[in-house]
2 protein chains.
Amino acid sequence: MNIAILGVGTVGEAVAKILLQNKKLIAARCGEEIVPVIGVVRNLNKKRDAAILLTDDIDSVIKRDDIDVFVELMGGVEEPFRVVSQILERKKAVVTANKALLAYHRYALQNLAQNTPFGFEASVAGGIPIIRALREGLSANHILSINGILNGTSNYILTSMMSKGSNFADALKKAQELGYAEADPTFDVGGFDAAHKLLILASIAYGVHGNPEDILIEGIEGITPEDIFFANDFEYVIKLLAIAKKTGEKVELRVHPALVPKDKMIAKTDGVTNAVSVVGDAVGETMFYGPGAGGPATASSVISDLIDIARDGKSPMLGYKAPFELNALELLDPSEIRTKYYFRLRVEDKVGVLAKITNLMSENNLSIDSLLQKPKDESPYATLFFTTHTSVEKDVRRTMEILQEQEFVKEKPFMMRIEE
Amino acid sequence: MNIAILGVGTVGEAVAKILLQNKKLIAARCGEEIVPVIGVVRNLNKKRDAAILLTDDIDSVIKRDDIDVFVELMGGVEEPFRVVSQILERKKAVVTANKALLAYHRYALQNLAQNTPFGFEASVAGGIPIIRALREGLSANHILSINGILNGTSNYILTSMMSKGSNFADALKKAQELGYAEADPTFDVGGFDAAHKLLILASIAYGVHGNPEDILIEGIEGITPEDIFFANDFEYVIKLLAIAKKTGEKVELRVHPALVPKDKMIAKTDGVTNAVSVVGDAVGETMFYGPGAGGPATASSVISDLIDIARDGKSPMLGYKAPFELNALELLDPSEIRTKYYFRLRVEDKVGVLAKITNLMSENNLSIDSLLQKPKDESPYATLFFTTHTSVEKDVRRTMEILQEQEFVKEKPFMMRIEE
């Protein structure tokens, strides 16, 4: 399957690179190779790290018959709409990550596409497969509400304000330094980016029409450390929420900062991460969490759409259409597992016992990371807790057996693994 | 599309009921009505709340030509395998929620199914669409690891042990009283249920073969309040984790209780809820969270598979194949939004101001829920924080305007919504 990438920036470069790196895996999963044949850029002189042949002649590329799928990553609204419309009129498949294009033209595009594949998983919440979750996974449900943290920039700023008590201006500056915020941050911190994404989700959930201008959008610029002070005091966090909610026979769509109780799952989404909570009448609450932006994460969603097109909508039952060298991997023998370990030991409370245990562990290749003795109770025995640095399971099992044979060990030793 | 339900227990009843309740919505999403024609039960005399005609003659049902899809909810391994094999040999589609069937026979079933649709979204993590997420949403990725909380019973017990300091026996008894644990809880608390589900996920991620007997399985029965004491002290929680991890050219599969750092997202999954964290080489970490069991949640996944079969793998771009009475819902006017509100006011710090504000709010239909005054700083002004009970947006906006006109208000009032 030949593809052209229209717009080779961070995401386009990542798409080309991952198609190359994961070529065999992807071919095994969809039954054919996906080949990035040509990329279109505005400025051919700009230096880039692209694993794809480049041109600046978009009009000739979109007329090529040997291209099966066009990946639109141009940005903007009207120019990509013009380009994508021409492609769809030629019945060629399109994959896009362009939320603005969809926020304004999704129904026109649906009409143009008819039975031509049109993928846009990457347009909302980057690497989180939320379009599929809503359109396929939860398709049995009347959707009661969607609550999304859909803008990583704003969530990063709010998270630093909450954790460090910094004010909005300082948190924004820090986000800009780290590359999480644009020089002009209005689109992100003003709630517009989240509103575009919300309209896409709400269309799938409720079939709502409407443009970003039709819905309530407020940004996070007005939040001060005093609001953070109040939120902390009353067990809230502040999040920029994108909300869709069925209210009677109408739908509420709004994007604004909100106080959310600390113990709600969505409130625990920190930093640049995105999360979408969906409540359905059958399923109850589900939540989808992950990276909302970035080249490789967004490319993951773009390529998942390409794979669906190559599969022609028919996924192989267990995910593979063809054998794959990394497929049917052998199971590791459990005795070879490497992780960190925790031990609880009930021992005689007398001089020299601790030294004996630590010697014994060290003789068996276990290196102690931390040690805690439980405050003494009435019994003549003491409870000791150890954790180890990364160790091999077979060493741990042997050590457990040896410990159990020691006369100063008064109960079968107990072990748990530590997964960090 | 006519379906037969083989096994009408909690899940089967919920499937029939939701197909009826959400009939029009489902028809709009997949382009045809899904009709539960017949249900098969072992005991016709048992009283049940089933919206479906019942029989006890399974062999005649699976031969019927007018049934398009068979939903297998019988439980067990060999008997459903026999039944499903016969159905697939007749090229009839199958949807199942049976994790044990798949843990033992998934590759045999894949060979039998070939191009016949075979859905099993409900077999892992109930209402969470994790099969689709792995097989379609993250298909571009080499999966580096899967960490799942796949057994709600065990997670409920561990959550109560952590939060209430209760011992295993008491927490289990409580779970049994609430219907979260079976009379014989071994399958759940021993890790076997989670192991079945892990094998299904690992097949999709890695193509691994193997039966539950081939992997490391440890339960949570040996955990004591002393382990909870240690975990709390060292900022861990204890979770029953189902882990799949690529290690060199092999795959590690294991189910066991583990100490997990408190601040990891999966550590925040409490009670009977399930969660699956998936790390891919392109996407990074994503997490999927929701109800792992229960009739309606599991039915949500069963029906999503039925809808995919009706759609023949081609989802309509925006989720609807046909107009729907609740489709194209109108947007609610933002002034009609009802929620709780938070106000920050900077006011003159003198007698009578608070009374004026509360009167003004009450005259405008706002009922105060809580009030906080920030400890005094050097300035001559005080900062007041109010929250309201559920109010109407237009009342709030009018109140904000009136407040701004008051001479004792020294800064533009600031408002945020509270989403609980």
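Residues are numbered from 1 along each chain as its sequence is written, and chains are lettered from A in the order in which they are written. In this predicted model, local features need pLDDT of at least 70 and side-chain atom pairs count only at pLDDT 80 or more, whereas totals for chains, interfaces and linings use all residues.

| Domain of chain A | Residues |
|---|---|
| domain 1 | 2-127 |
| domain 2 | 131-290 + 322-334 |
| domain 3 | 337-418 |

Between the C-alpha centres of domain 2 and domain 3 of chain A the distance is 45 Å.

Chain A and chain B each bring 122 residues to their contact (heavy atoms within 4.5 Å). Together they bury about 10800 Å², with 62% of this on carbon and sulfur atoms; buried area is the accessible area (1.4 Å probe) that two parts lose on being put together, summed over both. A:Met317, A:Leu318 and A:Glu419 supply 8% of the area that chain A buries against chain B, more than any other three residues.

The interface also holds 11 salt bridges, a salt bridge being a side-chain nitrogen of Lys or Arg within 4 Å of a carboxyl oxygen of Asp or Glu. One of them joins B:Arg417 to A:Glu218, with the closest N and O atoms 2.8 Å apart.

A:Leu178 lies in the loop between α8 (168-177) and α9 (186-189) of chain A; helices are DSSP runs of H or I with at least four residues, numbered from the N terminus. A:Leu178 counts as partly exposed because its relative accessibility is 43%, where buried means under 20% relative accessible area, exposed over 50%, and partly exposed in between (1.4 Å probe, protein chains only).

Methods: Heavy atoms only, no water. Helix = DSSP H or I, 4+ residues; strand = E, 2+ residues; numbered from the N terminus. Domains from an automatic or database assignment.
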